[in-house]
Amino acid sequence: MAEQNIYDNEAFFENFRSSRSNEANFNDCIETPILFSMLPDLREKEILDIGCGMGQHAKQYAEMGAASVLGIDISEKMLEYAKAHNSAEHVDYRRMSMEDIGTINRQFDLVTSSLVFDYAEDFGGLMQKIHGLLKDGAAFVFSMSHPIVTAWDGVYDRYTRTETGERLYANLRNYCKEGLRKVDWVVNGYECYHRTVSTLINSLIKAGFVIEECQEAHISDEMRERYPALFGGTIHRPEFIFFRCRKHS
Ligand SMILES: C[S@@+](CC[C@H](N)C(=O)[O-])C[C@H]1O[C@@H](n2cnc3c(N)ncnc32)[C@H](O)[C@@H]1O
């Protein structure tokens, strides 16, 4: 596998595991509630979760009545954790890179993905592969980092701050320049891909999807006040972007 597999890096995995298990974290407090609010009825559905990570979502999909959930991920460590902590009947975890999903020889009622497509070099090609894996009329619901967030190259603070450290506004750099961003974040040389909002939308349309809903990350004032260090910046920029799409029936 030539793709970056940063979650098998011990330090990166441990950072992710520990922050995701904190009482307050971006996944449980922001990403998951919005993504789940966009899901269709899961009862009796066959679901593919791309980049399932530690399996929290896959297990919940099974508990919500899914007929089957296939969770794929490139990281052995993430899958090891998923199998140990989030196994369930009708949930199958498999090591596979998202670039290889064209080899899956079946179709699904729903494809989901949470915060994985930042790592896709060929976003348009991936959308086409996902379209091919869906039954007619089936849904595709996903989140990824908001392009406002990936327009960063690590050489400056993400926020302009007052002398006392209060975030005044969010900074952007080279928003219009798409492609690989290599930054020192948790580890040296973390890689993700930046794309503009219009590229995301047009890639979905070109793949044949109807876009039914788009959301941007949001959180309540109460949570911002309760966890100012963690969520204080969310007033200035949406951390994630979400889409619910459908394959034409
Ligand atoms: C931010 S984590 C999200 C995990 C999970 N979806 C969640 O919401 O907790 C990103 C996940 O994408 C996986 N990933 C990164 N690149 C991948 C690739 N090329 N193919 C499949 N999975 C990949 C990582 O191993 C990691 O588990």
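**Strand pairing, ligand surroundings and salt bridges**

Tyrosine 159 finds its bridge partner in strand 7, namely alanine 170. The model here is a predicted one. Strand 6 (residues 159-161) and strand 7 (residues 167-170) run antiparallel and are held together by 3 bridges.

Next up is the ligand. It has 20 residues around it, and the closest are Arg20, Gly51, Asp73, Met98 and Glu99. The side chain of arginine 20 puts an N or O atom 2.9 Å from an oxygen atom of the ligand. With methionine 98 it is the backbone that takes part, an N or O atom there lying 2.8 Å from a nitrogen atom of the ligand. For glutamate 99, an N or O atom of the side chain sits 3.0 Å from a ligand nitrogen atom.

Aspartate 73, another of the closest residues to the ligand, belongs to strand 2 (residues 68-73). This aspartate is buried but has no salt bridge, with the nearest side chain of opposite charge, that of arginine 95, 7.1 Å away. What its side chain does reach is the backbone nitrogen of glycine 53, at 2.8 Å. Beyond its neighbours within four places in sequence, aspartate 73 is in contact with several residues, including Gly51, Cys52, Met78 and Arg94.

Helix 3 (residues 56-63) has Gln56, His57, Ala58, Tyr61 and Ala62 buried. These buried residues pack against helix 1 (10-20) and helix 2 (26-37), and also against strand 1 (46-50), strand 2, strand 3 (91-95) and strand 4 (108-114). After helix 3 comes glycine 65, with a positive phi near 105 degrees.

As for salt bridges, the whole structure holds 18. One of them joins the side chains of glutamate 191 and lysine 182 at 3.5 Å, N to O. Lysine 182 counts as exposed because its relative accessibility is 54%. Aspartate 221 and arginine 224 pair up at 2.7 Å, N to O; both sit in helix 8 (residues 221-226), 3 residues apart, or about one turn of the helix. Arginine 224 has a relative accessibility of 14%, so it counts as buried. Glutamate 239 and arginine 237 form a salt bridge at 3.1 Å, N to O, and both residues are buried. Finally, a network of salt bridges links Glu46, Arg106, Asp109 and Lys135.

How values were computed:
Residues numbered from 1 in each chain as written. Predicted model: local features only at pLDDT ≥ 70, side-chain atom pairs only at ≥ 80, totals over all residues. Heavy atoms only, no water. Helix = DSSP H or I, 4+ residues; strand = E, 2+ residues; numbered from the N terminus. Buried < 20%, exposed > 50% of the residue type's maximum accessible area, 1.4 Å probe, protein only. Lys, Arg positive; Asp, Glu negative; His and termini not counted. Salt bridge = Lys/Arg side-chain N within 4 Å of Asp/Glu carboxyl O. Polar contact = N/O pair within 3.5 Å; in protein donor to acceptor, adjacent residues only side chain to side chain. Contact = heavy atoms within 4.5 Å. Pairing = 2+ DSSP bridges. Near = heavy atom within 4 Å.
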